[in-house]
Amino acid sequence: MAPQTVATAHADPGPSTKELRAQALKLADQLEQMTEQYNGLKVKLQQAQRAAKVATENAKRQEESLKGIRDKVGALAATSYMQGGSDPTVSFVASQDPQAVLDQAATLNYFATQDSTKVLGLMQAMQGAQRARKSAEARAQQVAQLRNQLDSQRKKVSQSYEKIRGKLVKEDPTQLTKLPTVGTGKAAQALRIAMSKIGRPYVWGASGPTTFDCSGLTMWAYKQVGINLPHYTGSQWNAGTHVSESDLQPGDLVFFYSDLHHVGMYIGGGKMLHAPHTGDVVKIAPMGGRPFAGGVRVA
């Protein structure tokens, strides 16, 4: 009997740091394109919102005009009704769907032959109000569609970038400084500046530019973008809008412990940049190692 050969399974090695960085840089190009698409959709959304507002206000004005003319024509319709006639004006004023009455060729012909500015005014106001309402509804629909596109775009950008960035941080956290920080606002700018201080030593009471304690790092970073924060975690806790952990964005302040004695800057993917304690340096670390107290959006 021939001896059996036992095959040894070998796990495929994961991508190297160099490969991950190449993927991340390629994604950064895609991220830039998607960001511009996002910006374009944002502009269109603002335009649609303004147009919808104008159309809605126009419809309201037409409705007011319609109401006044309807009151004036009411007497004419009542007189015609009491006389037992089949005056199309009666149907027009009383109908739940005046446009359907107007769409009848006989009715349009009747109105065309009348020398009544009141009746013609009512017809024009009704048609104008309906056109304005339809325009407002169409614009509102467009706004809703654009909003959905924006939400989808935001998720696509965030998810794709966080995925590749998470892999790279797992391999080598220092590589994160070579990638773009998601966001263009002051919070993202402050985070980018703070990340340039990775490796700088923690010194109690220090607030830069070469050494930092935890609140000194966040204070210094935000000062570089024109935002003044106090050098105290308790005061920084009240320096902006509180946000939940699930709503954190890059650059938001993240606080830990019930007495709020430690603060860092959120990076994304459950990680933060912070100055930990004496004997350590400014570094990237998981947020999960400390009891999370809350987040604050300063900008």
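Let's start at Trp-220, which is buried, with a relative accessible area of 13% (buried is under 20%, exposed over 50%, partly exposed in between, using a 1.4 Å probe and protein chains only). This is a predicted model, so a pLDDT of at least 70 is needed for local features and 80 or more for side-chain atom pairs, while totals for chains, interfaces and linings use all residues. Numbering runs from 1 along each chain as its sequence is written, and side-chain values use heavy atoms, with hydrogens and water left out.

Now for the rings. Phe, Tyr and Trp rings (the six-membered one for Trp) pair if their centres lie within 6.5 Å; planes under 30 degrees apart are stacked, over 60 edge-to-face, and the rest tilted. That rule gives three aromatic pairs. One of them joins Trp-220 to Phe-212, edge-to-face at 5.5 Å centre to centre and 65° between planes. Phe-212 is buried too, with a relative accessible area of 0%.

Trp-237 and Phe-255 are also edge-to-face, because their planes sit at 90°, with ring centres 5.2 Å apart. Trp-237 is in the loop between helix H8 (233–236) and strand S1 (241–243), and Phe-255 is in strand S2 (residues 253–256), so this pair ties together parts 18 residues apart in sequence. Helices (H or I, at least four residues) and strands (E, at least two) are DSSP runs numbered from the N terminus.

Next, two threonines. Thr-218, in helix H7 (residues 214–223), is buried at 1% relative accessible area. Thr-56, in helix H1 (residues 17–82), is partly exposed at 46%. Its C-alpha is 7.1 Å from that of Ala-132, 76 residues apart along the chain.
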